[in-house]
Amino acid sequence: MAYLYFQFVRSSRSLLQLKGFSRWNCTKVDFEETLKHMISGSVTLDKDERSGIAVVSLDNNKKKNALSGSMMCELNDIINELQSWQTGKGLILRGENKTFCSGGDLDTFKNIPSPEQGYSMSGFIGQCMQNLSQLPLISVALVEGNALGGGAEMAMSCDFMVMSDNARVAFVQKKMGVITGFGAGTRLVRKFGTLKALDILASARTMDATECERLGLASKILPYSENVLDLTKSWLHNYCEGDPKVIRNLKSMVIAASNLPLEDSHAIERKLFSELWGGESHLKAHKSKLKH
């Protein structure tokens, strides 16, 4: 499905990986092997074939779900698996232990001390976040507790952000002596424009759920409760109801429109449209007169 678009994406990814890792004579495979030795926490995947919604959970309890090297690799493998989940429609990215993610694991980062290694790490996890954003699934970051630094960047890689009313988001990179490195800076500028992105990044302030909703970072605030995951699934289901092929083509069209020149985006939109025209869902809808 959507072969034209995904061929473009695959070729783009290959080019990015080639540019990103050959500069420092460090292949993606080599650096992934380095990260795997920095072991802490885990990332799990739960795919619900009935609803078509997958849940990816970060779990590093002692470090407030900070991303270790091994977790980065597990997340990358899970995203690769989701790319081929043909019956999938939606994705929830969340953290265990009532918090989202406190950013990078400091024990991992202290083993990546040089600018050259930092460049490779940024390329690896940045490409992982790009792949997440380009999945043909409607994705939502469920933010409970804190999403800090790299955790805030991960949340920005999803289509939507749903926050519990006690949650907070902070791009604290400036306080740590760096800037965003996983792509969130670019996403903030493209989403909000230069001034608002600069305000968020340069202030490095902690934003509660109300401010995030006002700014347009958060799409929904849910009351803090034990069943916030179930509430998020219900919220996401409103967007994922229907034929997986339709949902996946719709998401692919939106990605193409946000990344490609107008003429190329129109061509892909027509291709994705034609794949569905006269299909089972289309004919069924006509027969039942769903439009009316």
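Tutor: Gladly! Let us begin with the second largest pocket, which is lined by 23 residues, with Phe109, Met121, Gln173, Met176 and Val178 nearest its centre. Keep in mind that this is a predicted model.

Student: What is the volume of the second largest pocket?

Tutor: About 620 Å³.

Student: Which helix gives the most to the lining of the second largest pocket?

Tutor: That is α5, with three residues. The helices α4 (106-109), α5 (115-133) and α6 (150-156) each supply at least two residues of this lining.

Student: What makes up the lining of the second largest pocket by class?

Tutor: Eleven nonpolar residues, eleven polar ones and one charged residue.

Student: How many helices and strands are there in the protein?

Tutor: There are 13 helices and nine strands. Of the 292 residues in the protein, 47% are buried.

Student: Why does Lys251 count as buried?

Tutor: Set the value against the cut-off: buried means under 20% relative accessible area. Lys251 has 5% relative accessibility, so Lys251 counts as buried. You will find Lys251 in helix α11 (residues 244-259).

Student: What makes the link between the side chains of Lys251 and Asp159 a polar contact?

Tutor: A polar contact needs a pair of N or O atoms within 3.5 Å, one able to donate a hydrogen and the other to accept it. The contact joining these two side chains is 2.9 Å. Lys251 also has a polar side-chain atom 2.7 Å from the backbone oxygen of Leu137.

Student: Which residues is Lys251 in contact with, leaving aside its neighbours within four places in sequence?

Tutor: Ser133, Leu135, Pro136, Leu137, Ser139 and Asp159.

Student: Why does Ser133 count as buried?

Tutor: The cut-off for buried is under 20%. Ser133 has 15% relative accessibility, and therefore Ser133 counts as buried. Ser133 sits in helix α5, and a polar atom of its side chain lies 2.8 Å from the backbone oxygen of Gln130. Not counting residues up to four places away in sequence, Ser133 touches Ser157, Asp159, Arg187, Lys251 and Ile255.

Student: Let us move to the nonpolar residues. Which members of the largest nonpolar core touch the most other members?

Tutor: This core has 53 residues, and the ones touching the most other members are Leu82, Phe100, Val143, Met154, Met163, Val169 and Phe171. Helix α3 (residues 69-83) provides the largest share of this core, seven residues. A second, separate core has 14 residues, including Ile53, Ile138, Trp235 and Ile247.

Student: Why might one look for such groups at all?

Tutor: In soluble globular proteins, nonpolar side chains tend to be buried together.

Student: Which residues does Met154 touch, not counting residues up to four places away in sequence?

Tutor: Met154 touches Leu58, Leu67, Leu75, Leu93, Phe100, Cys101, Met129 and Leu132.

Student: Now for the loop between β2 and α3. Do tell me, is Asn65 buried or exposed?

Tutor: Asn65 is in that loop. At 0% relative accessibility, Asn65 counts as buried, because the cut-off is under 20%.

Student: And is Lys64 buried or exposed?

Tutor: Lys64 is found in the loop between β2 (53-59) and α3. Exposed means over 50%, and Lys64 has 58% relative accessibility, so Lys64 counts as exposed.

Student: What is the phi of Lys64, and what is the phi of Asn65?

Tutor: Lys64 has a positive phi of about 50 degrees, and Asn65 has a positive phi of about 60 degrees. Neither Lys64 nor Asn65 is a glycine. For background, most residues other than glycine have a negative phi.

Student: Why does Arg190 count as exposed?

Tutor: The cut-off is over 50%. Arg190 has 67% relative accessibility, so Arg190 counts as exposed. Arg190 belongs to helix α7 (residues 184-192).

Student: Why does Leu198 count as exposed?

Tutor: Again, over 50% is the cut-off. Leu198 has 52% relative accessibility, so Leu198 counts as exposed. Leu198 lies in helix α8 (residues 194-203).

Note on methods: Residues are numbered from 1 along each chain as its sequence is written. This is a predicted model: local features need pLDDT of at least 70, side-chain atom pairs count only at pLDDT 80 or more; totals for chains, interfaces and linings use all residues. Side-chain values use heavy atoms; hydrogens and water are left out. A nonpolar core is a set of buried Ala, Val, Leu, Ile, Met, Phe, Trp, Tyr and Cys residues joined through side-chain atoms within 4.5 Å. Buried means under 20% relative accessible area, exposed over 50%, partly exposed in between (1.4 Å probe, protein chains only). Helices (H or I, at least four residues) and strands (E, at least two) are DSSP runs, numbered from the N terminus. Contact means heavy atoms within 4.5 Å. On a 1 Å grid over the protein atoms alone, a cavity is a set of points where a 1.4 Å probe fits but cannot get out, and a pocket is an open set with protein on both sides within 12 Å along at least five of seven lines; lining residues have an atom within 4 Å of a point. Grid points are joined across faces, edges and corners, and a volume is the space filled by probe spheres set on the points. Ala, Val, Leu, Ile, Met, Phe, Trp, Tyr, Cys and Pro count as nonpolar, Asp, Glu, Lys and Arg as charged, and the others, Gly among them, as polar.
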